[in-house]
Amino acid sequence: MEGSSNSNSRGFSDRNTEFPPVDECVRSMFGSSTHKPSSEEEDSLGVDPFVRSLEWGDVSLRQWLDKPERSVDVLECLHVFRQIVEIVNAAHSQGIVVHNVKPSCFVMSSFNHVSFIESASCSDSGSEDGQKEEKGSYNKILERQIEKLEEEKKQRCFPMKHVLAMETSWYTSPEEEFGSPSTCASDVYRLGVLLFELFCPVTSREEKSRIMSSLRHRVLPPQILLKCHKEASFCLWLLHPEPTCRPSMSDLLQSDFITEPRDNLVEHEAAIELRDRIEEQESLLEFLLLIQQRKQDSACSLRDTISLLSSDIEQVVKRQLILKKQGSSYSDLSKDDHQSPSGPSTLLASRKRFRQVIPQVETDVEVDEESQGSTLLESSRLMRNFKKLETVYFLTRRRQMKAAALGKSLTRHSPLSSENGRGGSMISSVSNPVSNNDPLRQGGWIDPFLEGLCKYLSFSKLRVKADLKQGDLLNSSNLVCALAFDRDGELFATAGVNKKIKIFEYNSIVNSNRDIHYPVVELASRSRLSSVCWNSYIKSQIASSNFEGVVQIWDVARSQLVTEMKEHKKRVWSIDISSADPTLLASGSDDGTVKLWSINQGVSIGTIKTKANICCVQFPSDSGRSLAFGSADHKVYYYDLRNPKIPLSTMVGHNKTVSNVKFVDSSTLVSSSTDNMLKLWDLSMSASGVNETPLHSFAGHTNLKNFVGLSVSDGYIATGSETNEVFVYHKAFPMPVMSYMFSNTDSMSGLEIDDASQFISSICWRGQSSTLVAANSNGNIKILEMVA
C-alpha cells in the first residue's frame with residue numbers, strides 16, 4: 001500500500017516557516033458568515049481578500065492528485081488529509097460552512113504544506129435565498145478564476161475549465177443535489193470524496209469520470225477495498241447518504257484513523273527531511289566536482305599555453321644571440337643604419353621599444369613613475385590593444401601548428417607573409433646568408449608576426465603633409481570618386497562627379513605654399529567618372545570609367561582621348577590595368593558583367609557574367625591570368641582567367657555589397673563592404689572553391705551607406721569612414737593602427753561647419769611608401785604621411 005513519494009513530496013511541514021494556529025487565522029481566511037464578494041472583488045478575478053496569493057513553485061492539489069505518475073504513499077496522503085480536516089474544523093468551530101472543500105481550492109507548497117486559496121461564499125445558517133445569492137456570486141468569481149487559470153496554464157499547468165466543472169459535480173453532496181442547504185455535514189461528505197481521491201490515483205480522465213460517478217452511489221473500486229480496506233471503510237462512513245449518519249468534525253479528529261499515524265508521520269517526515277538533506281549535499285558535491293573539472297581543464301590548457309610561450313621565448317632568445325654574434329662582426333653596422341633610415345634600423349628600433357614594454361606588462365616590480373612615464377607613453381597604443389595583440393599571437397600560433405600538422409608551410413600562404421604587393425618593402429629584413437637548418441630559418445611564424453608587430457609600433461599617427469587647394473571649390477559637385485598615383489609616384493589623378501580627370505604633380509603640391517593648386521593636365525569627360533587607373537608600363541597612359549558604362553583610354557602627355565570602349569550597358573564602377581600584362585584591362589559594371597579588354601585593340605576579349613552588380617575589380621600584381629571582383633550579392637570572386645566559366649574561389653562572409661577588393665600580396669586580398677567590415681582572405685584556404693573563414697575582420701571605421709576608399713601598401717590597409725576619417729590598419733592585426741579626421745570646412749569661407757554627412761570617398765597610397773592621398777565627399781583633398 002505504501003509507495004514512494006514523487007518529486008513534489010519533500011515532507012509534511014515547512015520547518016523554515018512559523019505558521020499561526022489554524023483557529024487564529026480562520027477569520028482572515030473565511031471572513032464572517034454573511035460575507036458576500038463585492039463587485040470590486042469580483043472584478044479582481046478572484047483576488048479576493050480571503051484568497052491566499054499563489055507563489056511560484058506552488059502546485060494546486062487538483063494538479064497534484066491528477067499527475068499520471070503519482071503513487072500512493074499512505075503517510076503522505078494521511079498528512080495531506082489531516083491538514084485539510086484541521087482547516088475545515090477551524091471553520092466549523094466558528095460556525096462557518098466552507099462549501100469549497102475540493103482540490104482546486106487548495107495548494108501544496110514545499111514539504112506538502114496545504115493552504116486554502118478559495119473562500120468565496122461561506123454560510124452557517126443563512127436563508128436559502130441568501131445562500132443562492134451568495135452561490136451565484138461565487139459562481140461568477142469561479143468563472144473568472146477559471147479564465148485566469150486557463151491563461152496561466154502554460155506556466156502553472158492548472159486544470160482546465162471542464163475539469164473544474166466535473167469537480168464541482170463530484171463534490172456536491174446528495175442533499176445539495178435535492179436542493180437542501182449546505183451544512184457542516186455537507187463539508188464532511190466532501191472530505192470523504194477528497195479522501196477517496198487521495199488513495200485512488202487514476203491514469204486516464206475517462207476512467208476518472210467513471211469511478212467518480214460510481215462513488216456517488218458509494219461503489220468503490222475493488223483494488224481500493226483490497227489494498228486499503230481501512231481507508232475505504234472510513235471513506236464510506238464520510239460518504240453516508242444521510243447527513244445525520246456522517247461523523248462530526250470532532251469525531252473525525254478523535255478517530256483512530258486520524259490519531260494513530262501521528263507517530264509514524266513524525267518519523268516519516270524526519271526520514272524525508274534527511275533524504276532531502278542528503279540530496280542537497282549530493283547537489284553541492286556535483287556542483288563542486290563540476291567546477292573542479294573545469295578548473296583542471298583550464299589548468300591543463302594554461303600549462304599548455306605556458307609551455308608554448310616558453311618554447312617561443314627560448315627560440316626567440318636563441319635567434320637574438322645568433323644575431324648579436326653576427327652583429328659583432330659588422331663594425332660599421334650602426335653607421336649603415338644611419339645611412340638608411342627606412343632599412344634595418346627601423347626594425348631594430350621597433351624591437352628595442354617592444355623589449356622596453358614587455359617587463360612592465362609581465363612583472364609587478366615597482367618602477368619609478370618618472371622614468372616609466374616616457375616608455376608607457378611611447379607604447380600606449382600597444383598597451384591599449386594588448387589583449388587583441390595577444391589574441392592575434394595565439395591565433396597565428398594555432399594556425400602555424402595546424403599547418404605543421406598537415407605538413408604545410410605557414411610562410412607561403414600566411415597573411416603575415418613578408419611577400420609584398422606592388423613594389424618593395426618599407427621595412428626590409430636583415431640579410432643573413434644562413435642555411436635552412438639555422439635557427440633563424442626555423443619557426444616560420446616568428447618573422448611575419450614580428451614584422452607585423454614592428455610595423456604596428458613604427459608609426460603612431462597621420463599628419464597632413466599638404467592640403468590641396470583647388471580653384472573650383474565653389475562647384476557644388478566636388479565628390480571625388482577615384483584617386484590614383486602613376487607608376488613613379490610623381491603624378492596623381494583625381495576623378496569624380498565633376499566629369500573631369502585632374503592630374504597633379506606631387507612634388508609641386510608638397511613643396512609649395514600656394515593659395516590655389518592647379519592641375520598640370522585636365523581631361524574632360526561627357527559623364528560623371530567612377531574610376532581611374534594608370535598604366536604601370538606606359539607612364540602617360542591612364543584609363544577611366546564613367547556612369548554611362550564607357551571605358552576610356554587617355555594619353556596624359558598629349559591631353560588626348562585615345563580609345564573608347566562601349567560594350568557595357570550600365571554604369572561601370574571599377575577598372576584595373578594588369579601590372580603583369582599592361583595591355584590587359586578589366587572593368588566591372590552594374591550590368592552584372594566583368595569585361596576583359598585589350599588596350600591595343602580597343603575591344604573586349606572576354607566576359608564573365610554574373611547575376612548581380614559588379615562593384616570592384618582587381619588584378620594581382622604578379623599575374624595577368626587571375627582576377628578578383630566584388631559583387632552586390634555580398635561575395636568576393638577569384639577567377640583563373642584561363643577558365644572563366646567558374647570561379648576558382650568564392651569568399652562568403654560579408655552581409656552587404658562588397659564595394660572594394662585589393663590584393664595585399666599574391667595570396668591574400670582584402671575586401672570592404674557597406675556592412676562596416678574589412679575582411680582579409682587567404683586564397684589558398686578555399687575548400688571546394690568556397691571560403692567562409694576570413695583571416696581577420698577589421699573593425700573600427702564606419703561604413704554603412706556609401707562606397708568609401710580602400711588602398712593597400714606593404715601590408716598597410718587604408719580605408720575611408722563615414723565619420724569623415726581615414727583609418728589605417730595593418731594586415732596582421734584587426735584593430736586600427738592610426739586614424740585622421742578631416743575637418744568639416746565650408747568651401748567658400750573656410751570655416752568649420754557641422755556636416756555629419758561627409759565621408760572619405762577615395763584613398764590611394766603613393767606606391768610602397770608611408771604617404772597617401774585622401775579625398776572626402778566635399779572635395780577636400782589632403783596628402784597624409786604616417787609618422788612615429
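Modeller: In strand β11, V551, I553 and D555 point one way, while Q552 and W554 point the other way, and all of them are buried; buried means under 20% relative accessible area, with exposed over 50% and partly exposed in between (1.4 Å probe, protein chains only). Strands here are DSSP runs (E, at least two residues), numbered from the N terminus. This is a predicted model, in which local features need pLDDT of at least 70 and side-chain atom pairs count only at pLDDT 80 or more, whereas totals for chains, interfaces and linings use all residues. Residues are numbered from 1 along each chain as its sequence is written, and side-chain values use heavy atoms, with hydrogens and water left out.

Because five of the five residues of β11 (residues 551-555) are buried, the strand is largely enclosed by the rest of the structure.

As for pairing, two strands pair if DSSP finds at least two bridges between them. Strand β10 (residues 541-546) pairs with β11 in the antiparallel sense, over five bridges. Within this pairing, D555 of β11 is the bridge partner of Q541. Four residues lie between the strands in the hairpin of β10 and β11, where G549 takes a positive phi near 90°.

Strand β12 (residues 560-565) also runs antiparallel to β11, and five bridges join the two. D555 has Q560 as its bridge partner in β12. The hairpin of β11 and β12 has four residues between the strands, and S559 takes a positive phi near 50° there.
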